[in-house]
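Hi,

Here is the structure I promised to pass on. Have a look at it first, and my notes on what turned up follow below.

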Amino acid sequence: MKTPDILLTPGPTPLPPQVREALARPIIHHRTAHYRAIFKRTLQGMQTVMQTAQPVCCLTSSGTGAMEAAVVNLLAPGDEAIVVLGGKFGERWQELCQAYAIRAVTVPVTYGDAADPAQVGAALKAHPSAKAVFATLCETSTGVVHDIRAIAQLTRKSQAVLVVDAISGLLADECHTDAWGIDVLVSGSQKGLMLPPGLAFISVNERAWALMERATTSRYYYDLRVARKALADDDTPFTPAVAIVVALDEALKLILGTGVAQRLEHNGQIARGTRAAVEAMGLSLFAKRPSNGVTAVKVPQGVDGKKLAALMYERSGVMVAGGQGEMAGKIIRFAHMGYITAEDLCAGLTALEEALRALNHPVPAGEGVRAAQAIFGARLSAGPAPKGGARVPS
Ligand SMILES: *Cc1c(COP(=O)(O)O)cnc(C)c1O
C-alpha cells in the first residue's frame, strides 16, 4: 500500500517535520539527567495542554491503556459505575467495566446524539453508591462532542469521580479539566498531539487519588500508585517510549508556541468550514452536537460508503475514516486534529466531490470547497507552506 498523500483520519494524524526529525535522532537512555529534564518538561507541558495543575502520568501504550488504568486503579470488582454510551468509545468504557467485573449502569445515547446531562444526573440519583462516571469528550465514532461541563457539574454534587476520555477531543474541543471538575482525564499521543501512537496520558486529582489508594483490583503495569511515586524523580517504573517522549518535547514547542486557545480556534475554524462545505454539497452531518475534532458525514442514499472512501484514496490519495461497527458504510469521517490544515481539508472535500460523482451521485461542482474557503478565509490566503518547511497551523 502506498503512503497516503493526505491523512485525514482521526488517528493516527500527520506528523510535523519537527516531530519527524526528533523521531530520527539517535536513541538516548532514560535513566539520565538529560532524559529526566526532557520528561519533566513534557509533563509540565501536558499539564498546560490538559488544563490541569494535577500530576499527569505518561504510560507507554495506546490511549486505551490509560482508559484501562483509570478503571483498574479507581474501582474494585462489584463496584458500581455509570457509563455514558453513544458510540464505540463510550462502549469501550462499558467493555472495560465488564472485563473487571464492575457493575456498569449505562446511560444510553442514540448514535449521533449527545448525552443528555439530566440523564446522567438521574443515574447518579438512582445509584448513589456509584463510584465513578465514565464519559467521552469527543465520541470519535459519531463526531459528537458531549457536554462534559454539564456532566461535571452534576457529578461534582455526588460522591462519584468523573473520568473523561479526551483521547481525540484534547486540543480540538474545549476541555477545562480543573475548572470544570473533571477528576481523571485520559488522552493519547496520535491525535491532537501530532505524534505517532504509543503514549497515553492520565491526569488524576486528589479526589481520584484517594479512591486509587483504596481500590482493590489487581494491577501491575498500570498501577498508578507506582507511576506517581516515580514521578517524584521525573521517572517511570518501566522503560518509557523514549523516542516518542523526545518527539513530544518538539510537538509541545509547536503547540505551546501558539498556545492552547489558538489551537482550539484553529480547529474550530477548519471544523466549521468543513461542516459548511458538507451542507453546501447537499450532504448532511451525522452529529447533532458536532465536535471540532472530527466531522462525520452521512453517506447519501444509494451510495456505497465503503466504496466511497476507497475511491477517495485511490483517485486522490486522501484517506478518510469510514464508520465503525454498525455505522460501517453509513458515514465517512474527516478529522481536523493536530497538524491537519485547511488545505488538507480542501483536498479532502474535492476528493469527496469527485468520488461521489464517479459513483453517480453528482454534487454541485466546487460548492463545497467554496463554502469551506469562505470560513477558512485568511488561513488559505496566507499561501502555501514553504516546501519542506514548517507547516504549522497557526
Ligand atoms: C482513538 C480513540 C481511542 C482509542 O485509542 P487507542 O489509541 O486506539 O487505544 C479511545 N477513545 C477515543 C475517543 C478515541 O478517539
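How many residues surround the ligand, and which are the closest? There are 14 of them, and S62, T64, T140, D165 and K191 are the closest. Before you read on, bear in mind that this is a predicted model, so everything here is computed from it.

**Around the ligand**

T140 puts a polar side-chain atom 2.4 Å from an oxygen atom of the ligand. For K191, an N or O atom of the side chain is 2.6 Å from a ligand oxygen. G63 does it through the backbone instead, with an N or O atom there lying 2.8 Å from an oxygen atom of the ligand. As for how covered the ligand is, it would expose 380 Å² taken alone, and the protein buries 88% of that.

Where does the shell come from? Helix 3 (63-74) and helix 4 (88-99) each supply at least two of its residues. Helix 3 gives the most, with 3 residues. Sorted by class, the shell around the ligand holds 7 polar, 4 nonpolar and 3 charged residues.

**The two domains**

At the interface, 27 residues of domain 1 are in contact with 33 residues of domain 2. Together the two domains bury about 2,500 Å² between them, and 59% of that is on carbon and sulfur atoms.

Finally, a couple of spots in loops. G11 and P12 are joined by a cis peptide bond, with omega at about -5 degrees. You'll find P12 in the loop between strand 1 (6-7) and helix 1 (17-23). The other spot is M194, which is not a glycine but has a positive phi of about 65 degrees. M194 sits in the loop that runs between strand 9 (184-188) and strand 10 (199-204).

That's what I have for now.

Cheers

Note on methods: Residues are numbered from 1 along each chain as its sequence is written. This is a predicted model: local features need pLDDT of at least 70, side-chain atom pairs count only at pLDDT 80 or more; totals for chains, interfaces and linings use all residues. Side-chain values use heavy atoms; hydrogens and water are left out. A residue is near a molecule or strand if one of its heavy atoms lies within 4 Å of it. A polar contact is a pair of N or O atoms within 3.5 Å; within protein, one must be able to donate a hydrogen and the other to accept it, and residues adjacent in sequence count only if both atoms are side-chain atoms. Accessible areas come from the Shrake-Rupley method with a 1.4 Å probe; for residues, only the protein chains shown count as cover. Helices (H or I, at least four residues) and strands (E, at least two) are DSSP runs, numbered from the N terminus. Ala, Val, Leu, Ile, Met, Phe, Trp, Tyr, Cys and Pro count as nonpolar, Asp, Glu, Lys and Arg as charged, and the others, Gly among them, as polar. Contact means heavy atoms within 4.5 Å. Buried area is the accessible area (1.4 Å probe) that two parts lose on being put together, summed over both.
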